[in-house]
Amino acid sequence: MARWCYRHRLVVLLLWLGALFGLGAASSAAGTNYANVFSLPDTDSATAYDLMEKAFPERAGDTDTVVWKVDDGSVRDESVRSRIEPALQEIGRVQGVGEVTDPYAEQGAAQISRDGRIGYAQITFTEQANAVPKELIEDVVDTARAAERDGLQVELGGQAIARTQEPPQGTAEAVGILAAAVVLFLAFGSLFAMLLPIVVAIAGVGTGMIATMLMSHVADVPEVAPLLGSLIGLGVGIDYALFIVTRHRRGILRGMKPEEAAVTALNTSGRAVLFAGGTVCIALAGMLVMNMRFLDGVVIATSLTVVLSVLAAITLLPALLGLLGVRVLSRRQRRRLAAAGPEPAEASGLAARWSSYVQRRPRPVAAMALVVMAVLAIPVLSIRLGATDQGNHQESTTTRQAYDLLAEGFGPGVNGPLQVVVDGDAPESLVNAIRSTEGVAQVAAVPPANGVTVIQVVPTTSPQSEQTDQLIDRLRDDVIPRSGAEAHVGGVTAVFKDFASVTGDRLPYFVATIIALGFLLLLVAFRSLVVPLTAALMNLIAAAASFGVLVAIFQWGWGTELIGVGKEGPITSFLPVIMLSLLFGLSMDYQVFLVSRMHEEWVHTKDNARAVRVGLAETSRVINSAALIMICVFSAFVLSGDMEGAMAGIGLAAAVALDAFILRTALVPAAMHMLGKANWWLPDWLEKRLPHLAVEPKEEAPVAEEEPLAAGRASVVHGFIRTADGGPVEGAAVTLLTKGGRQLDRVTSLADGSYIVSVPAPGTYLLATTAASYGSRAGQVVVADGPLVYDVELAEGEPAEGEVDAVN
């Protein structure tokens, strides 16, 4: 398929453009129909909601609030009424506004505070917040704010009003893409190579977002789903393309033709991308275990975007590679390739030196990494799930100002009243019992409607307070049962409390499910019990530390105003499920990319220390580049204007940073060095029963024409080139020759002095080593059935004439 896409690149490009514009046209015509279905079946708040719908079926529109405050006097003063009343009347005449409750009317006395300085009016639209035209909302805001004067403050709150404060759509995505472009340019040094992952990610996310809009007409897709879909889609889309482009560029630098390099890249890294994308979708599908309708829409949006991002990476990307040819390399790389020919791709520099350091000191490295992760995980012990509201908005917003004014004038509980819903007439004893309950500020029974009575209960504490949660439990477990009435506690605050309770109860099953799935996938891929167990443990450590960062910022308030996300509060109840799904998927990406290279080296040499060292040295740079891109993309979602989006962005950015820079770069390789050959142990009976799954097959180097050799199994010679005092020799040329002097393989030693040469069959060979300032050494090596470890010591200065030295 890769070859077909490469050769028919214009057809592939036209198909993608047609899909993008076709879906865009359909979406523009159909619009969106997002639905925030937070109610949970078989919960008390869900029963209360159903009864409320029966009692007041006509109150389907969103209800928002206009709040005003005077510095002196009372809101009842004529000077205030003469400005506010005309504004409310004008708002009531706007098409799309169903009702305005006026505090100056007879029934509105309760809408003026006891000191007379604060009053509010409720505006009920004819549609839900997401369906109200933004122009209408802005008209309402402008009309209300026009009544302001010196000494008279007017603010507005509510879900519809909050839409006017949202930044322009796509701001977070644009900033994330721009930051990713900078990282890609620094990594590749080529404008064309930089653009490739971005174009592929935009194609995948664009089609995914538009398809999600269309899906909202046939499924309950919440408003936050497209945001989360674009967040994960941009991250994985750019990363997947980065893996493939990196392998493609490496192939060209090794002397392959662009078409063969592209086909090889797709057959190796492309297979890993398919595997990684599949694991992300499996992790996302794990949310279905929670049995929450709200999360079903999130699964649809995020999984669809990931699938389309993978599809773009394996079809659109090879077509783009075909258009660019060798221009995927920088000009300097093209000039060097033309002048000096193909270059070896051995890892060197900082990555190789760090890998060698981890091998020499695995215990201190592992201990330091564990200490860092443990410290960061401490805040997770105080995590409290709940819901954010407009009290968490930035202080400068009108919604936050309205929230604070209502709390000042009528108590913090007015921002989240409870509804005790009775199927039938509410007994007076129940109303009196609620009124005398600790934590209740106000009680008002609404006349029965359609056989249902609603008792409005205003707590003394805010909707996010733990005391409010305790009040709900007190009403359900004590007050209502003692009254003998059949009543249920509902309202937005009660719904979110039930949501948090159900999430907490089901979360262990969810975690067990995704950990078990990850274990099975890695078990099949790497034929090992220890590798998947290590990965599962690392996922849990990464999750604990990232949630610790999330609690410190968003619950404890360490820098929330500084980064522009408003006031601290509880962690959104559905966020742990979504974050764990995404974190599991992304961690699996890095684990597969890192361990697949180690596994390849282990199969080749059966030397665990070398396998871990080489795997880390050759993959750490691309893993760190991919992680840096994801961090940029995720962090940019602080600008989304959505608290849940900001939480998910910061949480995932922290998770990716900790996972890539601490776990995969330090703790995982250190642990694998300490475990030794046990990393690759698998019982024989299990080996026979497991299916075989090749994640990323080894690239096959071109085979030169050779004279026939003795039949037998291929093997390797590997070891270290050292100085007399034990220091590594980097850049030494190591050549394997037949006894007749014909060259079989030639490599250059890495920064830690390591080398590995391929042996076609058992037998006796000559190994020659040459390095500047050290002279040459050569010696015979006898290779049996397995790999041979052969270290070479070089002394400074030229050797004596005819001198040959072989250490082993």
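The model is predicted, so local features need pLDDT of at least 70 and side-chain atom pairs count only at pLDDT 80 or more, while totals for chains, interfaces and linings use all residues. Residues are numbered from 1 along each chain as its sequence is written, and side-chain values use heavy atoms, with hydrogens and water left out.

Let's start with the sheet. Four strands make an open, antiparallel sheet in the order 2-3-1-4; strands here are DSSP runs of E, at least two residues, and helices are runs of H or I, at least four, both numbered from the N terminus. Two strands pair if DSSP finds at least two bridges between them. Strand 2 (97-101) and strand 4 (152-157) each have a single partner strand, so one side of each has no neighbour in the sheet. Strand 1 (residues 63-70) is joined to strand 4 by six bridges, and T65 stands opposite G157 in strand 4.

Now look at what packs on the sheet. Helix 4 (residues 78-93) touches strand 1, strand 2, strand 3 (118-125) and strand 4, where contact means heavy atoms within 4.5 Å.

Finally, turn to helix 13 (residues 350-360), which holds both W354 and Y357, three residues apart. Their ring centres are 5.7 Å apart and their planes at 25°, so the pair is stacked. Rings of Phe, Tyr and Trp (its six-membered ring) pair if their centres lie within 6.5 Å; planes under 30 degrees apart count as stacked, over 60 as edge-to-face and the rest as tilted.

Methods:
Axes fitted to C-alpha atoms, helices over the stretch in contact; angles between N-to-C directions.
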